[in-house]
Amino acid sequence: MICRIRGTRPWTAFEGAKLTVTITFTDGSEQTRSMTLHTGKLGVEYKDDMSGPSLTGEVLTDEQAAAEGYIYGVYADIE
C-alpha cells in the first residue's frame, strides 16, 4: 500500500509511530494488524522515460542508495 501524506511535518516525525488497521471482509469477519512505521531510503527503478519511479520493495543502506535510485519515504513493519 502506498499513501501520500501532505503537510509540513518532516518525514522523520513518523519514525517509530504505531499504526493499527482493521479490515472488514464481505462476510462480516474482521482482521486487525498493528504496524510500526519507519523512515528510510526506498529503492526505486525507472522502467522507461514515460513513467515515474517504481518501488522495488527494498529499504536501502546509505551505500546502496549512493549507487542506486531511491526516494525517501515511510514504510511499515507488520508486528
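**Exercise 1. Find which residues G52 is in contact with, leaving aside its neighbours within four places in sequence, and describe where G52 lies.**

Step 1. The model is a predicted one. Once the neighbours within four places in sequence are left aside, G52 has contacts with E45 and Y46.

Step 2. Locate the residue in the chain: G52 belongs to the loop that runs between β2 (30-45) and β3 (54-60).

Step 3. Classify its exposure. The relative accessible area of G52 is 39%. Partly exposed covers the range between the buried limit, under 20%, and the exposed limit, over 50%. G52 is therefore partly exposed.

**Exercise 2. Work out whether T36 is buried or exposed, and list what T36 touches.**

Step 1. T36 sits in strand β2.

Step 2. Its relative accessible area is 12%. Because buried means under 20%, T36 counts as buried.

Step 3. Set aside residues up to four places away in sequence. T36 then touches G16, A17 and K18, and also Y75, A76, D77 and E79.

Step 4. Two of these residues, K18 and E79, also take part in side-chain polar contacts with T36. The contact between the side chains of T36 and K18 spans 2.9 Å. The one between the side chains of T36 and E79 spans 2.4 Å.

**Exercise 3. Identify which residues form a nonpolar patch with W11, and place W11 in the chain.**

Step 1. W11 is found in the segment before β1 (18-24).

Step 2. The relative accessibility of W11 is 36%. This value lies between 20% and 50%, so W11 is partly exposed.

**Exercise 4. Describe the protein as a whole: what is the order of its elements, and what part of its residues is buried?**

Step 1. Count the elements: there are 4 strands and 1 helix.

Step 2. The order is β-β-β-α-β.

Step 3. Turn to burial. Of the 79 residues in the protein, 15% are buried.

Step 4. Consider the surface. The accessible surface of the protein is about 6400 Å², and carbon and sulfur atoms hold 52% of that area.

How values were computed. Residues are numbered from 1 along each chain as its sequence is written. This is a predicted model: local features need pLDDT of at least 70, side-chain atom pairs count only at pLDDT 80 or more; totals for chains, interfaces and linings use all residues. Side-chain values use heavy atoms; hydrogens and water are left out. Helices (H or I, at least four residues) and strands (E, at least two) are DSSP runs, numbered from the N terminus. Buried means under 20% relative accessible area, exposed over 50%, partly exposed in between (1.4 Å probe, protein chains only). Contact means heavy atoms within 4.5 Å. Accessible areas come from the Shrake-Rupley method with a 1.4 Å probe; for residues, only the protein chains shown count as cover. A polar contact is a pair of N or O atoms within 3.5 Å; within protein, one must be able to donate a hydrogen and the other to accept it, and residues adjacent in sequence count only if both atoms are side-chain atoms.
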